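Student: Could you take me through this structure? I would like to begin with the terms.
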Amino acid sequence: MEQRSFGRSGIEVSRMGLGLAALGRPGYINLGHQQDLKKDYNVQKMLEHTHRMLDTALAAGITYFDAAQSYGKSELFLSDWLQKKSDQIVVGSKWGYYYTADWQVAAEHHEIKEHSITRLNAQWPESHKRLRPYLKLYQIHSATFESGVLENRKILERLDEIRSEGIVIGLSLSGSGQKEVLEKALTIRVQSEPLFGSVQATYNVLETSVGEKLKEAHDLGLGIIIKEGVANGRLTSRNVDSTYISLLEQIAKEYSSSIDAVALAYILSQGFVDIVLSGAATPEHLTSNLNAMDINLEKKHIEDLLKLKVDPKSYWSERSRMQWN
């Protein structure tokens, strides 16, 4: 698989990565998640399944893996697998949310946000111990204005200390305000140096509002990671209720491929994108996602796909109504 320089970090990464949000816990909002896991949530079996997914990804050329402490046991599953792998692997993790579902599919709260210096100082040593020497990227999980994390000097200075250890500091974005939060993040400096070396954002054919700001960030030297490229399953064959699927099906037929691969190929066609994450929870879905690497979309198809974009508030409102399963 093609490797690419991750911003100005000096790190080489695969164009596609594997995110562990759907692999490290029983419940998630992806369409059909319970079918993917066959409703078998035994910890040991989920560990073994995750390791098979990681093996499949690595064999396909994926070298970037993305986790977070709020993704259940994702860091632990990944840590166990990393013990026998090569130095070429790059891992990113996140802090600021913690897992609260107690290994249940149905829970009042699956994860709770806490962007505090206390939470950072608790989670960083745990992630570092589990994932070193592969952990190269540490991200604020879903940075927002409401949490105040981008104005908390104690947190920003602590992140700068972590950066001094050779770690790229990033932030992930979520919600209809992604563009504005990223705009603020690009102005943040500690000791006269820009703090952030990467950003992870939701960007797909439905939600393109942060695109221009991501391009600006890329031009400034940040590494760009795209999450939710298939919109938690809404841009796959599992979504039978939406009008936009027919266009994706039509384009997919022209490339003898799948809806999800076309959706991801659109993202890969954007020059500012370094990594597109697959959120697959089965080898079959991962293989389907990887077909995006072989699709070179024609200009007319890119223009057609651009017509599918929706208002960000509508997109995030629909996402908020998706059921954990």
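Tutor: Ala, Val, Leu, Ile, Met, Phe, Trp, Tyr, Cys and Pro count as nonpolar, Asp, Glu, Lys and Arg as charged, and the others, Gly among them, as polar. This is a predicted model, in which local features need pLDDT of at least 70 and side-chain atom pairs count only at pLDDT 80 or more, while totals for chains, interfaces and linings use all residues. Residues are numbered from 1 along each chain as its sequence is written, and side-chain values use heavy atoms, with hydrogens and water left out.

Student: How do the residues of the lining of the second largest pocket divide?
Tutor: Eleven are nonpolar, three polar and four charged. A pocket here is an open set of points on a 1 Å grid where a 1.4 Å probe fits, with protein on both sides within 12 Å along at least five of seven lines; lining residues have an atom within 4 Å of a point.

Student: Which residues lie nearest its centre?
Tutor: Of the 18 lining residues, Pro194, Leu195, Phe196, Gly197 and Leu222 do.

Student: And which strands supply at least two residues of that lining?
Tutor: Strand 9 (168–172) and strand 11 (193–194) each do so; strands are DSSP runs of E with at least two residues, numbered from the N terminus.

Student: Now the whole chain: how many helices and strands?
Tutor: The protein chain has twelve helices (H or I runs, at least four residues) and 14 strands.

Student: How much of the chain is buried?
Tutor: Of its 325 residues, 57% count as buried, meaning under 20% relative accessible area with a 1.4 Å probe, protein chains only.

Student: What does its C-alpha trace span?
Tutor: Along its principal axes, the trace spans about 50 × 45 × 40 Å.

Conventions. Buried < 20%, exposed > 50% of the residue type's maximum accessible area, 1.4 Å probe, protein only.
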